[in-house]
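Below are my notes on this model, as numbered points. Please read them with the structure open.

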Amino acid sequence: MQGTVDSTPVVTGHEVAAHEEHQDLRVLGLITFLASEFLMFAGFFAVFLVFRGSHVQWPPEETEVELLLPAVNTLILVSSSWVINLGTKAIKKNDLAGMRKWFGITAAMGAIFLAGQVYEYMNLGYGLKTNLFSNCFYLTTGFHGAHVFIGLVLILGVLWRSRRANHYNDITHTGPEMAEIYWHFVDVVWIVLFSLIYLLTLI
Amino acid sequence: MAQADISIKPTELQGGHGHPDKWKWYDYFTFNVDHKVIGIQYLVTSFLFYLVGGFMAVLMRTELATPNSDFLSPELYNAFLTNHGTIMIFLWIVPAAIGGFGNYLIPLMIGARDMAFPKLNALAFWLNPPAGLLLAASFFLGGGAQSGWTSYPPLSEITANLPQTLWCVTLIMVGTSSILGSVNFLVTIWKMRVPSMAWDQMPLFCWAMVATSVLALFATPVLAAAMVLLLFDINFGTSFFKPDAGGNVVVYQHLFWFYSHPAVYLMILPIFGIMSEVIPVHARKPIFGYKAIAYSSLTICLVGLFVWVHHMFTSGTAPWMRIFFTISTLIVAVPTGIKIFSWVATLWGGKIRYTTAMLFAVGLLSMFVFGGLSGVTLGAAPFDIHVHDTYYVVGHFHYVLYGGSVFGIYSGIYHWFPKITGRMLNEPLGKVHFVLTFIGTIITFTPMHNLGMQGMPRRVAMYDPQFAHLNQLVTVGAYILAVSVIPFYFNVIWSWMKGKEAGPNPWNAMTMEWTTDSPPIIENWEVLPVLTHGPYAYGMERADEVGPAGEPLPTSRP
Ligand code: HEM
Ligand SMILES: [Cu+2]
């Protein structure tokens with residue numbers, strides 16, 4: 001565990017404060033990290049937009065995107081962000097069973113999203129190398145998919161750890177909280193991605 | 001002389017902890033989470049890489065002693081050129097200045113027992129040695145990357161594919177390390193200061209590290225994106241940067257410089273922090289303009305994110321962009337100038353002690369002003385178009401990187417070596433080191449400006465015979481610099497074993513790291529210190545009641 005300072009028994013009021021702070025720090029660290037991570041996606045998006053702006057036909061003819069499946073996928077991912085929030089709300093009220101239920105549902109939704117993504121890949125009829133658009137398409141969605149996968153692993157990790165009695169409760173719940181934040185991040189990136197790569201083709 | 005006066009607050013007494021009292025030598029080769037061990041690990045590895053990068057430079061200068069290619073094959077020359085730059089930036093200055101000094105000093109300066117995320121910190125360090133090994137491996141698996149530290153496509157995509165791939169992976173690794181490190185610095189400085197230390201009582205080094213970390217957080221991921229795209233282009237048949245398939249090479253340049261201009265500030269901001277610590281201590285005066293220095297770091301960080309196109313004035317850049325980025329570039333010089341004037345004003349009327357640390361700091365001032373001025377000339381697009389990709393640019397960045405960053409790292413080592421090891425460095429030997437370095441720097445890097453203005457291109461192994469004389473001078477300078485490191489490394493090794501005992505506070509400094517033993521005990525203090533005076537309250541009456549900028553402290557701080 002990433003600790004602030006001490007492994008000493010908690011004695012004074014000051015020490016207690018320090019202990020609670022240490023819980024927050026990991027959340028803070030994660031948010032800082034994700035702010036940075038977001039800029040990597042921003043780099044990919046910027047590249048995509050530059051190419052879009054400098055090509056007459058974008059996407060080129062034989063590489064149109066599928067819209068229906070990704071739209072359904074978007075709905076699933078966005079609503080899963082809300083579901084996972086129910087999970088952390090539950091644990092904050094010391095409702096472990098509730099948390100496990102909502103986290104389980106979130107994990108299932110994430111898995112469906114990934115499966116949908118793979119299905120989409122298999123039915124598009126073009127690959128990574130086909131042209132510049134497909135380069136951007138597979139790279140960006142693939143990187144996002146990898147992040148969804150990591151988020152899924154985090155959620156499953158939380159579920160796994162929650163088997164231990166009193167591992168998470170209304171006071172200690174940094175793990176679920178961090179999984180939730182990460183999941184929202186994945187969601188936000190997807191919303192931008194979906195707007196740029198899919199919705200913009202409608203204009 | 002004012003001694004740091006730290007009173008003890010009994011409620012903060014810590015119980016016994018299950019650590020040994022001191023680390024053994026082999027602890028430094030393990031996944032240790034103590035910030036001091038990690039700081040030393042960063043410093044020692046980066047000083048080793050410095051030798052490797054320096055060795056390559058000497059070989060290149062030997063080749064350039066004559067106009068013809070008679071010592072290194074052109075391919076080998078390119079490989080040394082590329083890896084010299086990459087090592088010096090990513091495995092020497094960045095890990096030494098940020099990882100080394102940052103990790104070692106920040107918790108000590110703010111009264112914390114460790115960084116916020118010690119394990120993450122160790123992980124960040126341990127990404128560096130394998131990254132270096134990858135670069136070394138690239139020499140044996142295809143002769144090393146050939147396309148310069150900037151690795152512009154198309155060159156980087158058509159030469160030495162496997163080494164170039166390894167190069168990309170190296171950069172992704174050191175970049176990840178730098179992001180993880182920055183997360184740690186920010187959270188630590190933000191949340192782990194002793195309760196008695198307000199933001200404006202923090203040593204200026206910590207402010208500099210805040211600015212550095214923010215820059216690293218925002219810029220490095222964009223470099224990672226560029227590296228991923230380059231990697232895919234080389235290995236997986238994509239065509240992001242292949243113009244014949246609709247790709248665009250200038251896009252790479254934008255991504256690269258969006259990181260790499262801020263990267264030059266990553267390399268100088270921590271050095272500015274070191275300057276702001278060393279100068280007041282050895283001038284025995286409060287720092288002049290605490291707030292001006294602190295906020296100018298943040299300004300540099302902010303404006304520095306919007307100047308990157310000054311590296312691309314000749315890349316077909318639109319005129320309006322040239323004008324915009326000329327202006328923004330010249331604006332960055334303002335906060336930099338504020339710092340310079342503040343340091344000069346701190347020296348003014350001080351009781352200056354000419355220690356080696358101080359000599360390097362003052363040497364840095366003069367060198368950096370010169371390098372900053374040539375930077376301003378380059379920032380003006382009309383002039384830059386004339387000298388872009390010539391030795392003038394090489395002269396500029398070596399003045400700021402060698403005369404700035406390297407001088408600053410030296411200064412910091414002479415200043416904090418007693419804290420880190422508990423022993424003093426030998427001063428006479430230090431002065432020999434300084435004189436050799438100072439003279440070597442001037443002889444090596446000044447003639448490069450002339451060469452550039454006469455039209456000698458950079459990144460060449462052969463050149464027109466008309467440039468031969470100045471090039472010989474440069475090569476002589478390079479040999480002097482090569483010799484200059486001998487007294488230094490000898491001094492460090494010898495003093496570490498046999499130097500004079502330093503005691504907790506040999507310089508009579510006032511920042512918190514000097515209130516504990518040298519070297520500090522494992523969790524830094526038996527009892528956490530309480531701040532009773534600002535970090536630079538030198539030579540003032542009732543120094544313990546005065547804040548950093550000279551104003552009195554409110555009696556109770558939260
Ligand atoms: C007053 C501040 C500075 C200004 C206005 C400035 C301006 C510039 C400009 C316009 C260039 C591009 C020249 C060209 O390629 O044609 C340049 C190159 C460079 N500068 Fe600076 N600079 C400043 C400070 C620094 C500092 C502090 C560092 C590092 C510590 C630095 C490192 C570099 C490097 C490494 C390059 C060469 C990049 C390459 O092409 O390989 N500069 N500078
Ligand atoms: Cu620049």
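1. Helices (H or I, at least four residues) and strands (E, at least two) are DSSP runs, numbered from the N terminus. By that assignment, B:Tyr50 lies in helix α1 of chain B. This is a predicted model, in which local features need pLDDT of at least 70 and side-chain atom pairs count only at pLDDT 80 or more, while totals for chains, interfaces and linings use all residues. Residues are numbered from 1 along each chain as its sequence is written, chains are lettered from A and ligands numbered from 1 in the order in which they are written, and side-chain values use heavy atoms, with hydrogens and water left out.

2. B:Tyr50 has a relative accessible area of 6% and is therefore buried (buried means under 20% relative accessible area, exposed over 50%, partly exposed in between; 1.4 Å probe, protein chains only). Not counting residues up to four places away in sequence, B:Tyr50 touches B:Met88, B:Trp92, B:Tyr402, B:Val406, B:Tyr410, B:Val485 and B:Tyr489 (contact means heavy atoms within 4.5 Å). The C-alpha atoms of B:Tyr50 and B:Trp308 are separated by 27 Å, and the two residues are 258 apart along the chain.

3. The largest nonpolar core has 231 residues, and B:Phe47, B:Tyr50, B:Phe240 and B:Ile409 touch the most other members. Helix α7 (residues 204-235) of chain B contributes the largest share of this core, 23 residues. A nonpolar core here is a set of buried Ala, Val, Leu, Ile, Met, Phe, Trp, Tyr and Cys residues joined through side-chain atoms within 4.5 Å. With residues up to four places away in sequence left out, B:Phe47 touches B:Trp92, B:Ile409, B:Tyr410, B:Ile413, B:Phe488 and B:Tyr489.

4. B:Asn184 lies in helix α6 (residues 161-191) of chain B and, at 0% relative accessibility, counts as buried. Beyond four places in sequence, B:Asn184 is in contact with B:Met115, B:Ala116, B:Phe117, B:Leu120 and B:Asn121. B:Asn491 is in helix α15 of chain B and counts as buried at 1% relative accessibility. Its contacts, neighbours within four places in sequence aside, are B:Tyr414, B:Leu425, B:Asn426, B:Leu429, B:Gly430 and B:Trp496.

5. Which protein atoms are the donors of the copper ion (ligand 2)? They are B:His261 (ND1), B:His310 (NE2) and B:His311 (NE2), lying 1.8 to 2.0 Å from the ion. Donors are N, O and S atoms within 2.8 Å of the metal (3.2 Å for Na, K and Ca); water is not among the atoms, so sites may look incomplete. Along the chain the donors follow the spacing H-x48-H-H. B:His261 lies in helix α8 (residues 249-283) of chain B and B:His311 in the loop between α9 (290-303) and α10 (319-347) of chain B, so the pair ties together parts that are 50 residues apart in sequence. B:His261 is buried at 4% relative accessibility, whereas B:His311 is partly exposed at 22%. The copper ion (ligand 2) is 4.6 Å from the iron atom of ligand 1.

6. The lining of the second largest pocket consists of 40 residues, with B:Tyr28, B:Ile40, B:Val44, B:Thr421 and B:Trp496 nearest its centre. Helix α1(B) gives the most to this lining, nine residues.

Note on methods
1 Å grid on protein atoms, 1.4 Å probe; cavity = no way out; pocket = protein on both sides within 12 Å on 5 of 7 lines; lining within 4 Å.
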